[in-house]
Amino acid sequence: AVVSTQSTGVEGQVGEEEREVNEGFRCIAHGEYGDAYQHFSRAVNQNPRNTVAAINGAVCLLYMGRLGDSILQFEGALKTTLHPTLLFNLVSLYELKTAASTTKKYQLLDMVTSKTDWEAFPFEFLRL
């Protein structure tokens with residue numbers, strides 16, 4: 001899933017947030033996960049609803065062997081936006097981290113359902 005970042009609105013120019021995301025992707029391509037994480041973090045600091053930066057920052061943490069921090073990043077991102085990719089990745093990390101992943105999944109489902117009404121509930125989340 002792709003969530004666009006904010007641009008300056010001027011053709012040929014990109015905003016700082018988008019520049020940070022692009023630089024993060026460049027760093028990932030070169031295997032520089034620590035640097036990529038820093039770029040994605042700066043983009044999230046500029047726009048906490050930037051799901052692309054939040055997801056990729058959490059993935060960088062995972063690639064650096066920081067599973068617990070990656071989970072915390074995904075959980076933090078869910079406080080600002082509900083996104084199927086965030087949920088899917090978080091559930092996958094719960095399964096990697098603990099034998100009690102079913103309990104964590106139910107807690108996550110409770111949190112998701114408490115944030116939205118059933119008429120507007122995105123049922124694709126139930127695949128978890």
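How many helices and how many strands does the chain have? This predicted model has six helices and zero strands.

**View 1. The chain and its order of elements.** Read from the N terminus, the elements follow the order α-α-α-α-α-α. The chain comprises 128 residues, of which 36% count as buried. Where contacts join residues at least 6 apart in sequence, 43% of them link residues at least 24 apart.

**View 2. The accessible surface of the chain.**

**View 3. A nonpolar patch on the surface.** Three residues, L62, Y63 and L96, make up this patch. Together they have about 320 Å² of accessible area.

**View 4. Residue Y63 in its helix.** Y63 lies in helix α3, which covers residues 51–63, and is also part of the nonpolar patch with L62 and L96. Is Y63 buried or exposed? Y63 counts as exposed because its relative accessibility is 51%, and the term applies to values over 50%.

**View 5. Confidence along the chain and at residues 1–13.** The mean pLDDT of the chain is 81, and 73% of the residues reach 70 or more. Over residues 1–13, by contrast, pLDDT stays under 50. For residues 1–13 the model has 19 contacts beyond four places in sequence.

Definitions and conventions
Residues numbered from 1 in each chain as written. Predicted model: local features only at pLDDT ≥ 70, side-chain atom pairs only at ≥ 80, totals over all residues. Heavy atoms only, no water. Patch = residues over 30% accessible without salt bridge, like charges linked within 9 Å, V, L, I, M, F, W, Y side chains within 5 Å. Areas by Shrake-Rupley, 256 points an atom, 1.4 Å probe, with all protein chains shown as cover. Salt bridge = Lys/Arg side-chain N within 4 Å of Asp/Glu carboxyl O. Helix = DSSP H or I, 4+ residues; strand = E, 2+ residues; numbered from the N terminus. Buried < 20%, exposed > 50% of the residue type's maximum accessible area, 1.4 Å probe, protein only. Contact = heavy atoms within 4.5 Å. pLDDT = per-residue confidence, 0-100.
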